[in-house]
Amino acid sequence: VVTRSGTVLVWCPAPPLPVAMSDPRRKGAEAVMFEYRRGWFLGRAEVTVGEFDRFLAATGRTPRGGDPALPVTNVTWTEAKAFCGWAGVRTRHEVV
């Protein structure tokens, strides 16, 4: 999958997660079960300065400049969330 920004996304299937459950009334008694969650898409690489500058220009903001091949740095949470909305993706911790 390729986003509007050009970021390539790869599918990460959810692994079974061991979930330990213990009974505080029984010392050492523990049952283990597995919980399966949905997988997710993840960017194959970090967002680059070039991708972020395209977002800034498209949304009427001033591009930062710099080497377009390097990962972008010093991005606020608000900027990251706005970038994700523009690119058509979500941040990892947003609730569906």
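Visitor: Why are α1 and α2 called roughly perpendicular to each other?
Guide: In this predicted model, the axes of α1 (residues 49-58) and α2 (residues 77-87) cross at roughly 85 degrees. Angles from 65 to 115 degrees count as roughly perpendicular, so the label applies to α1 and α2. The two axes also come within 10 Å.

Visitor: Which residues make the contact between α1 and α2?
Guide: On the α1 side they are E51, F52, R54, F55 and A58. On the α2 side they are E79, A82, F83 and W86. Contact here means heavy atoms within 4.5 Å.

Visitor: Why is α1 described as largely enclosed by the rest of the structure?
Guide: A residue is buried if its relative accessible area is under 20%. Seven of the ten residues of α1 are buried, so the helix is largely enclosed. The buried residues are V49, G50, E51, F52, D53, F55 and L56. Their cover includes α2.

Visitor: What makes V1 exposed?
Guide: V1 has a relative accessible area of 58%. The cut-off for exposed is over 50%, so V1 is exposed. V1 lies in the segment before β1 (9-12). Together with W11 and F41, V1 makes a nonpolar surface patch of about 350 Å².

Visitor: How do you know that G6 is partly exposed?
Guide: The relative accessible area of G6 is 38%. Buried requires under 20% and exposed requires over 50%, with partly exposed in between, so G6 is partly exposed. G6 also lies in the segment before β1.

Visitor: How far apart are G6 and A87, in sequence and in space?
Guide: G6 and A87 are 81 residues apart in sequence, while their C-alpha atoms are 8.4 Å apart in space. For the chain, take the contacts between residues at least 6 apart in sequence: 44% of these join residues at least 24 apart.

Visitor: What is the accessible surface of the chain, and what share belongs to carbon and sulfur atoms?
Guide: The accessible surface is about 7300 Å², and 59% of it belongs to carbon and sulfur atoms.

Key
Residues numbered from 1 in each chain as written. Predicted model: local features only at pLDDT ≥ 70, side-chain atom pairs only at ≥ 80, totals over all residues. Heavy atoms only, no water. Patch = residues over 30% accessible without salt bridge, like charges linked within 9 Å, V, L, I, M, F, W, Y side chains within 5 Å. Areas by Shrake-Rupley, 256 points an atom, 1.4 Å probe, with all protein chains shown as cover. Salt bridge = Lys/Arg side-chain N within 4 Å of Asp/Glu carboxyl O. Helix = DSSP H or I, 4+ residues; strand = E, 2+ residues; numbered from the N terminus. Buried < 20%, exposed > 50% of the residue type's maximum accessible area, 1.4 Å probe, protein only. Axes fitted to C-alpha atoms, helices over the stretch in contact; angles between N-to-C directions. Parallel < 35°, antiparallel > 145°, perpendicular 65-115°, else oblique.
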